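Good morning, and thank you for coming.

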Amino acid sequence: MNSTMPLYISLAPDNKYDPVFEQTFLPGKVNLALRPLSLPHDWPYVSKWLQHTIGRRVTTITHLPHKYLRETYAIMLQCDFAQPFVGLINQQPAFLVEICDGDKQCDGVEAGTHLFKPGDHVMRLILSHTAIHTRFWSEHALFSSLAYFFSHQQVKRIVWQLHEKDKFYINLANQSGITVSKPPKADLDSAQDAQDRRGGIQVYLYLRENFQRFLTLYHRTMQKLP
């Protein structure tokens, strides 16, 4: 199921919305759905995921600015160039995925790691502890998010910028089979290498023209698993 809701649309942070995308894996065993973030309903989960993710990178603070983070997501929900989604696996909140127009670069990582082109959109994926440690849930979360984003014609490429400390996510990106971690020279700023490591950032690209082929192969592989 894929809704007709635009990828970017101003939403009320306190409302709870229906799923915009659903997929089933391993014939009926794993159901995945994406719906816009609802702060009152989802924040208890999301704040824990953020704390774990940010805590891996920052060791000099004793607490995280939860009020600031919540306000940031409220602003994101109301703007028309970014959108956070909560991923439900078997009806339980399991991950957060954000998408942003590449012209705005609202991912929050250092500028200069990627030369953005029209049609580029920035993704950030934050998995729950359960999703990370349950077999194939992280892959399901990644591929379903990409499938939904690429269902919108304005999305030509998805840029996933990962900090070097995000070892699990880097491994997930490397194993996905559709990642271009060394883009063509034409896609690079003359001041950066094929895989830019300035500031500890690695850049992964997902291309619309390659995605459907790998998605089909992925689904066939999943259906054969016990």
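This is a predicted model: local features need pLDDT of at least 70, side-chain atom pairs count only at pLDDT 80 or more; totals for chains, interfaces and linings use all residues.

**Aromatic pairs, core and strands**

Across the whole structure, a search finds nine aromatic pairs, where rings of Phe, Tyr and Trp (its six-membered ring) pair if their centres lie within 6.5 Å, and planes under 30 degrees apart count as stacked, over 60 as edge-to-face and the rest as tilted. One of these pairs is tilted, because the rings of F21 and Y148 have their centres 5.8 Å apart and their planes at 50°. F21 belongs to strand β1 (residues 21–25) and Y148 to helix α4, so the pair ties together parts that are 127 residues apart in sequence. Helices (H or I, at least four residues) and strands (E, at least two) are DSSP runs, numbered from the N terminus.

Residues are numbered from 1 along each chain as its sequence is written, and side-chain values use heavy atoms, with hydrogens and water left out.

F21 and Y148 are both buried, that is, under 20% relative accessible area, with exposed meaning over 50% and partly exposed in between (1.4 Å probe, protein chains only). Ring pairs also link F21, F85, Y148 and F149 into a cluster.

Let me turn to the core. A nonpolar core is a set of buried Ala, Val, Leu, Ile, Met, Phe, Trp, Tyr and Cys residues joined through side-chain atoms within 4.5 Å. The largest one has 60 residues, and Y73, F95, M123, L125, F149 and W160 have the most contacts inside it. Helix α4 (residues 137–150) gives the most to this core, namely nine residues. A second, separate core has seven residues, including V159, I201, L205 and L207.

How many residues of α4 are buried? The count is 14 of the 14, so the helix is largely enclosed by the rest of the structure.

Finally, the strands. Eight of the ten residues of strand β4 (residues 92–101) are buried. Strand β3 (residues 82–89) pairs with β4 in the antiparallel sense over eight bridges; two strands pair if DSSP finds at least two bridges between them. Within this pairing, Q83 stands opposite I99 in β4. The β3 and β4 hairpin has two residues between the strands, and N90 takes a positive phi near 50° there. β4 is also joined to strand β5 (residues 120–127) by seven bridges, and these two run antiparallel, with L96 opposite I126 in β5.
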